[in-house]
Amino acid sequence: QVVPHSRLLAESDDDSATESSNPYWMQKYILSPVSRFVVCWNIAFMMILCYEIVLFPMSVFQVSDESSKGLWIISCFTVAFWTLDLLLSFNVGYITPGGELVMDIRRIVAKYLRTWFLPDIIVVLVDWLL
């Protein structure tokens with residue numbers, strides 16, 4: 001489904017039924033990229049990414065035993081977050097360069113597979129293996 005850019009904010013948190021090629025049961029699982037949930041998720045994404053950028057280089061140095069348990073718990077949380085983010089990315093619409101909101105599951109999945117899926121899956125797999 002393609003929605004004009006001018007209607008994005010007005011419909012971002014609205015559950016109004018619109019025409020879609022998505023099956024009915026799947027429509028409620030497709031999230032607008034400008035919805036409150038996705039915006040909050042992206043803020044958490046940036047905070048965790050900043051944490052990882054700082055912590056990853058520091059992991060080269062030994063960490064004392066008393067802080068290693070806390071770091072392990074945080075590491076488990078971040079691995080779970082990245083895994084959920086990978087799954088969530090299959091269900092978040094996107095805005096085209098022309099300013100249109102795309103909410104069709106087939107187009108969302110195809111775009112994600114062509115763009116960020118490979119880097120995301122590599123990072124998640126490496127996180128789970130380490």
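Contact means that heavy atoms lie within 4.5 Å of each other.

**Figure 1. Overall arrangement of the chain in the predicted model.** The chain contains 6 helices and 3 strands. Read from the N terminus, these elements follow the order β-α-α-α-α-β-β-α-α. Among contacts in the chain with a separation of 6 or more, 61% join residues 24 or more positions apart.

**Figure 2. Surface and interior of the chain.** Of the 130 residues of the chain, 27% count as buried.

**Figure 3. The largest pocket and the residues nearest its centre.** A volume of about 1,400 Å³ is computed for the largest pocket. Its lining consists of 42 residues; Phe45, Trp82, Val123, Val124 and Asp127 are those that lie nearest the centre.

**Figure 4. Helices and residue classes in the lining of the largest pocket.** At least two residues of the lining come from each of α3 (36–58), α4 (65–88), α5 (105–114) and α6 (117–129). Sorted by class, the lining has 29 nonpolar, 8 polar and 5 charged residues.

**Figure 5. Cysteine 50 and cysteine 76.** The relative accessibility of cysteine 50 is 46%, and this residue therefore counts as partly exposed. Cysteine 76 has a relative accessible area of 35%, so cysteine 76 is also partly exposed. Both assignments follow because partly exposed covers the range between buried, under 20%, and exposed, over 50%. A search of the whole structure finds 0 disulfides.

Methods: Residues numbered from 1 in each chain as written. Predicted model: local features only at pLDDT ≥ 70, side-chain atom pairs only at ≥ 80, totals over all residues. Heavy atoms only, no water. 1 Å grid on protein atoms, 1.4 Å probe; cavity = no way out; pocket = protein on both sides within 12 Å on 5 of 7 lines; lining within 4 Å. Points joined across faces, edges and corners; volume = space filled by probe spheres on them. Helix = DSSP H or I, 4+ residues; strand = E, 2+ residues; numbered from the N terminus. Nonpolar A, V, L, I, M, F, W, Y, C, P; charged D, E, K, R; others polar. Disulfide = S-S within 2.5 Å. Buried < 20%, exposed > 50% of the residue type's maximum accessible area, 1.4 Å probe, protein only.
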